[in-house]
Amino acid sequence: MKKLAPAGKCVDTLRAAKVDQILIVDNDPVFLALLAKFLKKDGFHVLTAKDGVSALKILKAVTPDVILLDLVMPNVSGDRLCRMIREMDTAVKDVYIILVTALASEGVTVDYLGMGANDCIAKASFNQTYKKINEALSCFEKKAHRKKQDRIDRPAETLPRNLIG
């Protein structure tokens, strides 16, 4: 597996926390193909969708670990798709969603939490955007690992009484 810089030290953590599958949803075919190529080189299984409608079709059959989602797209916009995902009655509703949008780089305030996303990245040059995506994935993995470790390390006496019996 290729090491990333500077987020490279977190790649092993990414693989250990079982982030295997990433869905990229973006209507820019060049960005979509380039990002998919780089993530595949890093060992991820990558699915791509050119718009929200295509993404919904994929999400009916597959639950990715992470969704990288553009906001401005034809048919179903990214913010609408994000809300639709959070309203689904399957495991897809709990997928970690990272908005990757040029709007954030244009000075527009993006209420990504209000849309149901977990993180937001402003598109810049491809190299800068890719670096930010790796950092966001690393942060996601560290949070997932910490939550798992908290469940393992938490002593029984700290649990609420009604859970102990």
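Let's start in the middle of the fold: the largest nonpolar core has 24 residues, and Leu23, Val25, Ile67, Leu69, Leu81, Ile97 and Leu99 touch the most other members. A nonpolar core here is a set of buried Ala, Val, Leu, Ile, Met, Phe, Trp, Tyr and Cys residues joined through side-chain atoms within 4.5 Å; buried stands for under 20% relative accessible area, exposed for over 50%, and partly exposed for what lies in between (1.4 Å probe, protein chains only). Two or more residues of this core come from each of strand S1 (21–25), strand S2 (45–49), helix H3 (52–61), strand S3 (66–69), helix H4 (78–87) and strand S4 (96–101). H3 gives the largest share, 4 residues. Helices (H or I, at least four residues) and strands (E, at least two) are DSSP runs, numbered from the N terminus. Apart from this core lies another, of 21 residues, including Val19, Phe44, Val66 and Tyr96.

A word on the model: it is predicted, local features need pLDDT of at least 70, side-chain atom pairs count only at pLDDT 80 or more, and totals for chains, interfaces and linings use all residues. Residues are numbered from 1 along each chain as its sequence is written, and side-chain values use heavy atoms, with hydrogens and water left out.

Now step back to the chain. It has 7 helices and 5 strands, following the pattern α-β-α-β-α-β-α-β-α-β-α-α along the sequence. Of its 165 residues, 41% count as buried. Among contacts (heavy atoms within 4.5 Å) with a separation of 6 or more, 60% join residues 24 or more positions apart.

The strands form an open sheet of 5, in the order S2-S1-S3-S4-S5, with parallel pairing. Two strands pair if DSSP finds at least two bridges between them. S2 and strand S5 (119–122) are the edge strands, each pairing on one side only. From one strand to the next, the twist averages 20°. S1 and S2 are joined in the parallel sense over 5 bridges, with Gln21 opposite His45 in S2. S1 and S3 share 4 bridges, and Ile22 has Val66 in S3 as its bridge partner. Another 4 bridges join S3 to S4, where Leu69 is partnered by Leu99 in S4.

Leu69 touches Val25, Gly78, Leu81, Cys82, Ile97, Ile98, Leu99 and Val100, leaving aside residues up to four places away in sequence.

Which helices cover the sheet? Helix H2 (residues 29–41) lies across S1, S2, S3 and S4, and runs at about 170° to S2; axes are lines fitted to C-alpha atoms, for helices over the stretch in contact, and angles run from 0 to 180 degrees between N-to-C directions. In H3, Gly52, Ala55, Leu56, Ile58 and Leu59 are buried. Seen down the axis of H3, these buried residues fall within an arc of 165°, so they line one face of the helix; the arc is that of the directions from the helix axis to the C-beta atoms. Lys57, Lys60 and Ala61 are exposed on the other side of H3. The cover over the buried residues of H3 includes S1, S2, S3 and H4.

In H4, Gly78, Leu81, Cys82 and Ile85 are buried. Down the axis of H4, its buried residues fall within an arc of 100°, so they line one face of the helix. They pack against S1, H3, S3, S4 and helix H5 (112–115).
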